[in-house]
Amino acid sequence: TGTNMPIQVLLFGLQMVRAVDKWAMSKAVQVSCRVGIHYGECIGGIVGADMQRYHLFGNLLVGLEILESTAPEGRVQVSEACKLELDRQLEEKKDAVWKEKVSFQRRYEDCLKTSKGEVHAFDEVGGR
């Protein structure tokens with residue numbers, strides 16, 4: 001939607017990383033977070049009879065989980081689809097203030113790895 005555009009999600013993810021870093025420093029503990037952001041379509045609905053809850057379904061969520069679990073600690077990782085949409089938004093809104101707040105670095109590793117050593121191909125999240 002216009003309100004929840006990918007740039008808003010990206011800026012929120014960056015704020016989450018900063019907030020966790022600030023909290024960890026104030027408590028003198030070693031804690032960080034990883035954020036993964038994907039872009040695309042999914043289906044959502046209410047599931048369950050006794051304990052109803054809203055749930056999302058689709059390949060988007062599989063990619064999102066991989067992006068989050070393979071993001072470098074303290075960083076936000078976006079999919080190629082998300083990056084393309086962010087670039088489109090930048091082009092559309094040339095006066096956007098947020099374009100100076102973010103920069104992107106392409107990952108050049110052969111594959112994506114989780115902190116537990118699980119290996120994922122870039123194709124699982126739509127490419128590099």
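Visitor: Why is Glu 85 called buried?
Guide: Happy to start there, with a reminder that this is a predicted model. Glu 85 has a relative accessibility of 10%, and buried means under 20%, so Glu 85 counts as buried.

Visitor: What makes the contact of Glu 85 with Arg 88 a salt bridge?
Guide: The closest N and O atoms of Glu 85 and Arg 88 are 2.6 Å apart. A salt bridge needs a side-chain nitrogen of Lys or Arg within 4 Å of a carboxyl oxygen of Asp or Glu, and the pair therefore qualifies. Both residues lie in helix α3, 3 residues apart, which is about one turn of the helix.

Visitor: Why is Arg 88 called partly exposed?
Guide: The relative accessible area of Arg 88 is 41%. Partly exposed covers values between the 20% limit for buried and the 50% limit for exposed, so Arg 88 falls in that middle class.

Visitor: With which residue does Arg 88 meet in a salt bridge of 2.6 Å, N to O, besides the one we have discussed?
Guide: That would be Glu 92. The N to O distance of 2.6 Å is within the 4 Å limit, so this contact also passes the test. Arg 88 and Glu 92 are 4 residues apart in helix α3, so about one helical turn separates them.

Visitor: How do you know that Glu 92 is exposed?
Guide: Exposed means over 50%. Glu 92 has 52% relative accessibility, so Glu 92 counts as exposed.

Visitor: Which residues are linked in a network of salt bridges?
Guide: Glu 85, Arg 88 and Glu 92 are linked in this way. Arg 88 takes part in the bridge with Glu 85 and in the bridge with Glu 92. A search of the whole structure finds 6 salt bridges.

Visitor: What makes Arg 107 and Glu 109 a salt bridge?
Guide: Their side chains meet at 3.1 Å, N to O, and the limit is 4 Å, so the contact counts. As for accessibility, Arg 107 has a relative accessible area of 19%, under the 20% limit, and is therefore buried. Glu 109, at 37%, counts as partly exposed.

Visitor: Where does Asp 87 lie, and why is Asp 87 called partly exposed?
Guide: Asp 87 lies in helix α3. The relative accessibility of Asp 87 is 31%, which is between 20% and 50%, so the label is partly exposed. The C-alpha atoms of Asp 87 and Ala 121 are separated by 23 Å, and these residues are 34 apart along the chain.

Visitor: Which residues make the nonpolar surface patch of about 250 Å²?
Guide: Trp 23, Val 29 and Val 31 make the patch. Val 29 is found in that loop between α1 and β1.

Visitor: Why is Leu 112 called buried?
Guide: Leu 112 has 1% relative accessibility, and the limit is 20%, so Leu 112 counts as buried. Leu 112 lies in strand β5, and its C-alpha is 9.6 Å from that of Glu 124, 12 residues apart in sequence. Over the protein chain, 28% of the 128 residues count as buried.

Visitor: And which residues are closest to the centre of the largest pocket?
Guide: The largest pocket holds about 680 Å³ of space. Of its 27 lining residues, Val 76, Gln 77, Val 78, Phe 104 and Gln 105 are closest to the centre. Helix α3 supplies the largest share of the lining, 4 residues, and by class the lining has 13 nonpolar, 6 polar and 8 charged residues.

Definitions and conventions:
Residues numbered from 1 in each chain as written. Predicted model: local features only at pLDDT ≥ 70, side-chain atom pairs only at ≥ 80, totals over all residues. Heavy atoms only, no water. 1 Å grid on protein atoms, 1.4 Å probe; cavity = no way out; pocket = protein on both sides within 12 Å on 5 of 7 lines; lining within 4 Å. Points joined across faces, edges and corners; volume = space filled by probe spheres on them. Helix = DSSP H or I, 4+ residues; strand = E, 2+ residues; numbered from the N terminus. Nonpolar A, V, L, I, M, F, W, Y, C, P; charged D, E, K, R; others polar. Patch = residues over 30% accessible without salt bridge, like charges linked within 9 Å, V, L, I, M, F, W, Y side chains within 5 Å. Areas by Shrake-Rupley, 256 points an atom, 1.4 Å probe, with all protein chains shown as cover. Buried < 20%, exposed > 50% of the residue type's maximum accessible area, 1.4 Å probe, protein only.
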